[in-house]
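Notebook open, structure up on the screen.

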Amino acid sequence: MGEPDCGGGVEMASQDRPFNDSQRNEVWHVFASQMIAGYEELADIDMLEPDPPNRQAAMKNVSLRPFWMQSENKEMEDLNVKGCFKKWKRSDLEPNYCVFGSLFHYHIKCDATTGQITNCKVHLVVMGHRMTEGEDYIYAFAPVPHSTSARVIISLTAALDLELHSCDLAQAFIQADSLEGWVNGLIFITPPKGWGEQEDVVYECQCPLYGIPDSARAINKTLDARFESQGFHTARFEESIWIRKAGGDYEHDMLVSAHIDDMLMACASLDTLEKFKSTFLTRFEGTDEGDVTTYLGGELIRDRANRTITYRQSVYARKILQIYGAWDKQSVCTPLEAGTLLTKADSPSYVDPALHRQY
């Protein structure tokens, strides 16, 4: 999708830049200027508006609609370029083949420090809830690190003054090796609503996709096989945390954690860690995020001199306070003055159901 003309570079005040990217801000500025709402309200859209539950809701948001459409195009183009689909005519399929639906999932990704929108992410999701265990897949369980384990890794990093870096896998599931167990070895899906395709066309999935029940397990098994070949072993009951002792290709101990596509990597030597990341990213497509400053929506603040790491969710706290109208309120020890008596007469004559459900 081509981007709209931005009028030769419109000057914008700092509060009119909800994105971290200047080009996105210019596109946003043009679309936002067509809305009745003020800029201040729109600039807080990332703080107050939840992810669109469906495509209809996403397209109703005029300010973010162009970015959702761009992300839809990018998601489908990437999947097609990487050979994730094989097109079939529905009329050519065998009678016993099931065809599952698919849809787009929308997610507003925000910076954990500033709250600004960093990306409007769209994933193609297979409607796997209609699949049957034992027929369409065998086992769906996929381990992720317990929250306590993640805190232990961060605590060890601070106490031992380790390097702590992260990598983000791009479209992680499609990089996984397929698990055996798909019925007839095939899964067919219809194109998602909003994606222009011929009426009789369906897609045969060539790799794990979001929504297929065992896709998360497939990427975990793929990572596990990779790390095992490099001398790693899992950390006892944590099957998504791997440990490697010094020796061979790497001169220092290493610790790796995988929360689906978010990787944490800890090591005492920066050179050893850089070497490992370089090798890892030759097998998996992703980005080297460098030093960890955010993790699972929170902000990590590190003081290496004092060997401390603080985990803070100030953006999330602000969002909650804004939703319930308490962001600009002064804090008090008690909600009412001491000795205040309330009676039935103080109750409102009408209780708004929407307001009641909000609390």
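**Salt bridges, then cysteines**

I started at Arg 304, which is partly exposed at 35% relative accessible area. This is a predicted model, so I am reading computed values throughout. The side chain of Arg 304 makes a salt bridge with Glu 163, 3.4 Å from N to O. I then checked where the two sit: Arg 304 is in the loop between strand 14 (298–303) and strand 15 (308–312), while Glu 163 is in strand 5 (residues 163–169), 141 residues away. Glu 163 is buried, at 13% relative accessible area.

Next I looked up the total, and it is eleven salt bridges. One of them pairs Lys 87 with Glu 197, closest N and O atoms 3.2 Å apart. Lys 87 is in strand 1 (residues 85–89) and Glu 197 in the loop between strand 6 (188–189) and strand 7 (201–205), so this pair ties together parts 110 residues apart in sequence. Glu 197 comes out partly exposed, at 26%.

I also noted a local pair, Asp 78 with Lys 74, at 2.9 Å N to O. Both are in helix 5 (residues 65–81), four residues apart, about one turn of the helix. Lys 74 is exposed at 52%, whereas Asp 78 is partly exposed at 21%.

Cys 207 has the sulfur of Cys 84 at 3.4 Å, and Cys 207 is in no disulfide either. I have Cys 207 down as buried, at 8%.

How values were computed:
Residues are numbered from 1 along each chain as its sequence is written. This is a predicted model: local features need pLDDT of at least 70, side-chain atom pairs count only at pLDDT 80 or more; totals for chains, interfaces and linings use all residues. Side-chain values use heavy atoms; hydrogens and water are left out. A disulfide is a pair of cysteine sulfur atoms within 2.5 Å. Buried means under 20% relative accessible area, exposed over 50%, partly exposed in between (1.4 Å probe, protein chains only). A salt bridge is a side-chain nitrogen of Lys or Arg within 4 Å of a carboxyl oxygen of Asp or Glu.
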